[in-house]
Amino acid sequence: MTSIRMRASHILAKHTDSRNPKTWRGNEVTRSEKEAYEKIEDIRKAIENQEVDFGDIATEESDCSSAKRKGDLGWFQEGRMQPAFESAVKALQIGELSQPVKSDSGIHIILRTG
């Protein structure tokens, strides 16, 4: 059986209950889970309304170090990401944007790119 390869970009909003509540910039996260959901929902709406570019807003707003690459996580094999994240990627078509996804890291929006 061959392993599935996927590629995705994401924007992460961490919250105080995230497994590591610090941003890649080293800042302590003080927002609640509800505030993280709201932030991600607002960003998603702005992307859908073409008010912002996914990569540009990922660079500015994501709490993940992938922000340095416009949110790009590169190619990854099945089983390498947290289960909730990976399930969300698998459910998307290439070019499709997810609804907010909760993982141990925080709240994401995911763009499947491969």
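Which strands does helix H3 (residues 83-91) lie across, and at about what angle does it run to E4?

Analyst: Helix H3 lies across E1, E2, E3 and E4, and runs at about 30° to E4. The model is predicted, so local features need pLDDT of at least 70 and side-chain atom pairs 80 or more, while totals for chains, interfaces and linings use all residues. Residues are numbered from 1 along each chain as its sequence is written, and side-chain values use heavy atoms, without hydrogens or water. Helices (H or I, at least four residues) and strands (E, at least two) are DSSP runs numbered from the N terminus; angles (0 to 180 degrees) are between N-to-C directions of lines fitted to C-alpha atoms, for helices over the stretch in contact.

The sheet is open, with four antiparallel strands in the order E2-E1-E4-E3; pairing takes at least two DSSP bridges. Strands E2 (72-77) and E3 (101-103) are at the edges with a single partner each, so one side of each has no neighbour in the sheet. On average, neighbouring strands are turned by 45° against each other, direction ignored. Four bridges join E1 to E2, and Met 6 stands opposite Phe 76 in E2. Helix H2 also packs on the sheet: H2 touches E1 and E4 (heavy atoms within 4.5 Å), and its direction makes about 50° with that of E1.

The largest nonpolar core has 13 residues, and Ile 11, Ile 40 and Phe 54 are among those with the most contacts inside it. Such a core joins buried (under 20% relative accessible area, 1.4 Å probe, protein chains only) Ala, Val, Leu, Ile, Met, Phe, Trp, Tyr and Cys through side-chain atoms within 4.5 Å. Strands E1 (5-13) and E4 (106-112) and helices H1 (33-48) and H2 (54-61) each give two or more residues. A second, separate core of nine residues includes Ala 8, Phe 85, Val 101 and Ile 110.

Technical notes. Buried < 20%, exposed > 50% of the residue type's maximum accessible area, 1.4 Å probe, protein only.
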